[in-house]
Amino acid sequence: MLLCRPCQAQIISMMNTECILEPLSLPESPGGVAAVESSPYVPCIFCKECYLLAEQNQLLLKHMIIEHKLVIADVKLVADFQRYILYWKKRFTEQPITDFCSVIRTNSEAPLEEQDNYFLLCDVLPEDRLLREQLQQKRLREILEQQQQERYDTSFHGMCMFCDQEFTGNRSVLLNHMAREHAFNIGLPDNIVNCYEFLSVLQNKLDNEPLFRYSHHSSHKYFMITVPSAQLFSLSHPFCWFSSKYKIHSLQCLYCEKVFRDKNTLKDHMRKKQHRRINAKNKEYDRFYIINYLEFGKSWEEVQSEDDRELLDNLEEDWSDWEEHPMCAVCLFCEQQADTTEKLYFHMQNSHGFDFLKIKSEHGLNFYQQVKLVNFIRREIHHCRCYKCQEKFQSKTELISHMEETKHITFLPARSTWDQPQYYFPTYENDTLLCTLSDSEDLTAEDSSEDVPVVSEDTSNLKALKQSSVLNQLLYEENKSQDKF
């Protein structure tokens, strides 16, 4: 914005006296979501059996199928398995299971004693689907809070997986270094969550160290195996179970997932084959990307493959269910809010004796002058200063009491005091009142009538008017041009 010299001098003088150097905001309603702490154990829905909270929860699901004939459909689509189980554990104590689950009879053609009834719990039940959606939204909020915390965290400390260089500060420093120097790009830092765990998983695949620490207890004839997630399992047949469920993935290529005999061979392979990237098909990495939490039951591939052309085909869609949220404007002198300007003007006139519409009409204020006046009053009230007598007070309460008792609230200072360019800028960033101001229709009509005067012709002598009219000259020139053709 270019300003003339008088305006520049005026702004400089204003800055030398009093200025607002930080953004101000009007009061808003507080809000927030509290996080719920969870136990490391998940109980059975029907009995007192408890299992450690594992990623797949296979042991608990197997127990409920064998012992209680309950099958939960699409477990992978349950965002929080523990809260899901606790919810239905409570509901099944209130109502019979047949009120919620479909009954599936097996061996229907066999004798009655050989038939079994299994109960299917799935999202066909509206209550179950609503619960899954609520858990998904809750998980999304928690993930976004975690991602926001990591985004501004400056206590990060990590080491490059390829050159052993250490980095401190923000996680983006390390991720950008690996992408720039080693062509290893796992995505934008702002799209990643739980970065510490993600880098640890990748580092464990490249390192020549076992992922599992186990010890043999000969007296009890079982193995205690400790996995990276610090979950402990007691195994009666450790070798067959361990070999089928878990495999050691050290010295593994991150892209083709082949295992190599030493670290140098692995590095040469990833460099020559250009495998310095992760395998996008590996579902193990999905939990580290924000996109996998956005839509219920959809992976990142499904979200990205959605055709945007459907949006263009539905331009004329029905907006009848649109609910407009009212914008609450705040009073000029207190923190009272109103969802319409009429209510706000009535409050200011009834409670403070300030008739904004009357002042607007008497002073003939257009839109820009109203903006200046509102910002001027906002700034004076913020500084606890009476705009009539310029007396300052310790609090806004004392100021408003003084202005109401002395009737200074109804008297505006000279127009030259507030009709200044500096008051084009709002005192408060979220001042909704500025968006509701409008020009007066009567004032606009008066201004238009003054700008375009209409002078009627003198019709007392029609013969003289016809002889002196400019139309005669126009008709003469038109007839002359027609005679030439």
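Which residues make a nonpolar surface patch of about 350 Å²? Tyr 368, Tyr 424 and Phe 425 make the patch. This is a predicted model, where local features need pLDDT of at least 70, side-chain atom pairs count only at pLDDT 80 or more, and totals for chains, interfaces and linings use all residues. Residues are numbered from 1 along each chain as its sequence is written, and side-chain values use heavy atoms, with hydrogens and water left out.

**The surface patch**

- Patch members have over 30% relative accessible area and no salt bridge; nonpolar side chains (Val, Leu, Ile, Met, Phe, Trp, Tyr) are joined within 5 Å, like charges within 9 Å.
- A salt bridge puts a side-chain nitrogen of Lys or Arg within 4 Å of a carboxyl oxygen of Asp or Glu.
- Accessible areas follow the Shrake-Rupley method with a 1.4 Å probe, and for residues only the protein chains shown count as cover.
- Tyr 368 belongs to helix H13 (residues 367-382). Helices (H or I, at least four residues) and strands (E, at least two) are DSSP runs, numbered from the N terminus.
- Tyr 368 is exposed, at 52% relative accessible area. Exposed means over 50%, buried under 20%, and partly exposed in between (1.4 Å probe, protein chains only).

**Aromatic pairs**

- Rings of Phe, Tyr and Trp (its six-membered ring) pair if their centres lie within 6.5 Å; planes under 30 degrees apart are stacked, over 60 edge-to-face, the rest tilted.
- The count by this rule is 17 aromatic pairs.
- Trp 88 and Phe 92 form a tilted pair, because their planes stand at 35°, with ring centres 5.7 Å apart.
- Both residues lie in helix H3 (residues 81-94), four residues apart, about one turn of the helix. Trp 88 and Phe 92 are buried.
- Phe 367 and Tyr 368 make an edge-to-face pair, 5.4 Å centre to centre with 75° between the planes. Phe 367 is partly exposed, at 27% relative accessibility.
- Ring pairs also link a cluster of Phe 46, Tyr 87, Trp 88, Phe 92 and Phe 100.

**A charge over a ring**

- The charged end of Arg 277 sits over the ring of Tyr 255, 4.2 Å from the ring centre.
- The rule asks for NZ of Lys or CZ of Arg within 6 Å of the ring centre and within 35 degrees of the ring normal.

**Positive phi**

- Most residues other than glycine have a negative phi.
- Lys 69 has a positive phi, near 60°. Lys 69 sits in the loop between helix H2 (58-68) and strand S3 (70-72), and is partly exposed at 26%.
- Asp 164 also has a positive phi, near 60°. Its loop runs between strand S6 (156-159) and strand S7 (166-169). Asp 164 is exposed, with a relative accessible area of 53%.
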